[in-house]
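Here's a quick look at some ring contacts and a pocket. Have the viewer open as you read.

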Amino acid sequence: MSELQYTKLGGLKTSDEQIATPQTYFIKLHNYLPNKTKGGITPRGGSSTWSHTGNIWGISGYKKRGSSLKIPFTDIPVRYRRNGSTNYIEKLDWSTDTWSAVTQGASTSFDIGANSSFAQIADSFAIAAGRPAVITDISAGNVNRLGGPAPTAAPGNSTAAGSLTGRFVYVYTFYDSTTGWESSPSPATGIITVAAQDITLTGLEVTCAREGVDKKRIYRTVSTGESPYLRVTEVTLATTTYADSTADASLGADAPDANDHDPPPTDCYIIDAHEGRFWCASGRDLYYSLAYDGTDKVLEYFSPFRKMTFTQTITGLRSLESGG
């Protein structure tokens, strides 16, 4: 007699993850089954159902680190629910068997007519349902935009008597001093030629469509006007002007490369985690982030130079253990 599996009897999805020891052998079952036709969760053996309004358009699980080795990880179900024109990201509290909303930041922007997909690397749990978003701590309960834009225009400038002599070019970035996230650089100024003068930058942008940005970083070339751009200073986001008299020898770290810290596309509904990177599909294009280096911020850095283009629309992604 053939051995019947849960997949044949109940329609449950099994993962490829198998754990074998002298004491145990089991296959982890994923029992989160959204039913968009009924607008709810389809019950299976051993399942629970929850009353709710609207429709469930995606469901996954956030893997949270445990407080001790006795419980190394906890899977917290997360769902994307839409009621009319209002979107909700919600998490399940196992102890009370209730769903609660995770607060969405002002710069998240989910598509009202969109399905969603999810991916996690370390603490970064990405949600793609239009403009991708991210949760980095499910306990804190915040959904923020994944990545963010650079300043849109080069700063203006004026000069006055001072100490700089040479040819200079400036850019600046948005910066989150809490997480370390930094945008791609702004467009560059033209070459500014001065002799015994200081350079005042003007028109620095004071808003960024990303939660948490509180600073700007200003960079410039050395007095020959040649790259790279080196850090002049860091100012608050509200600062609109800055007078520069910094000697070349006092300049700091390099600026990010142009477009290297761009956000993912704003029309992304398919996302996956593979080889330490987030991969976002948008039409025929497949974008991938920088590789995880122990900091969550790099997973938010995309670029038009880190992109693959295919002949047909991408309709699904899956990471294989073999590396493909």
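## Rings and a pocket

Ring pairs join Tyr-62, Phe-118 and Phe-125 into a cluster. Keep in mind that this is a predicted model. In total, the count of aromatic pairs comes to five. One of them is Tyr-62 with Phe-125, an edge-to-face pair with 5.5 Å from centre to centre and 65° between the planes. Tyr-62 sits in strand β5 (residues 55–68) and Phe-125 in strand β11 (residues 124–128), so this pair ties together parts that are 63 residues apart in sequence. As for solvent, Tyr-62 and Phe-125 are both buried.

Rings also come up with arginines. The charged end of Arg-81 sits over the ring of Tyr-88, while Arg-82 lies over the face of Trp-57. Here are the distances:

| Arginine | Ring | Distance to ring centre |
|---|---|---|
| Arg-81 | Tyr-88 | 4.2 Å |
| Arg-82 | Trp-57 | 4.2 Å |

Now for the second largest pocket, which holds about 300 Å³ of space. It's lined by 16 residues, and the closest to the pocket centre are Thr-136, Asn-144, Asp-176, Thr-179 and Arg-210. Which strand gives the most to the lining of this pocket? That's strand β13 (residues 142–145), with three residues. Sorted by class, the lining of the second largest pocket has eight charged, six polar and two nonpolar residues.

Note on methods
Residues numbered from 1 in each chain as written. Predicted model: local features only at pLDDT ≥ 70, side-chain atom pairs only at ≥ 80, totals over all residues. Heavy atoms only, no water. 1 Å grid on protein atoms, 1.4 Å probe; cavity = no way out; pocket = protein on both sides within 12 Å on 5 of 7 lines; lining within 4 Å. Points joined across faces, edges and corners; volume = space filled by probe spheres on them. Helix = DSSP H or I, 4+ residues; strand = E, 2+ residues; numbered from the N terminus. Nonpolar A, V, L, I, M, F, W, Y, C, P; charged D, E, K, R; others polar. Phe/Tyr/Trp six-rings, centres within 6.5 Å; stacked < 30°, edge-to-face > 60°. Buried < 20%, exposed > 50% of the residue type's maximum accessible area, 1.4 Å probe, protein only. Lys NZ or Arg CZ within 6 Å of the ring centre and 35° of its normal.
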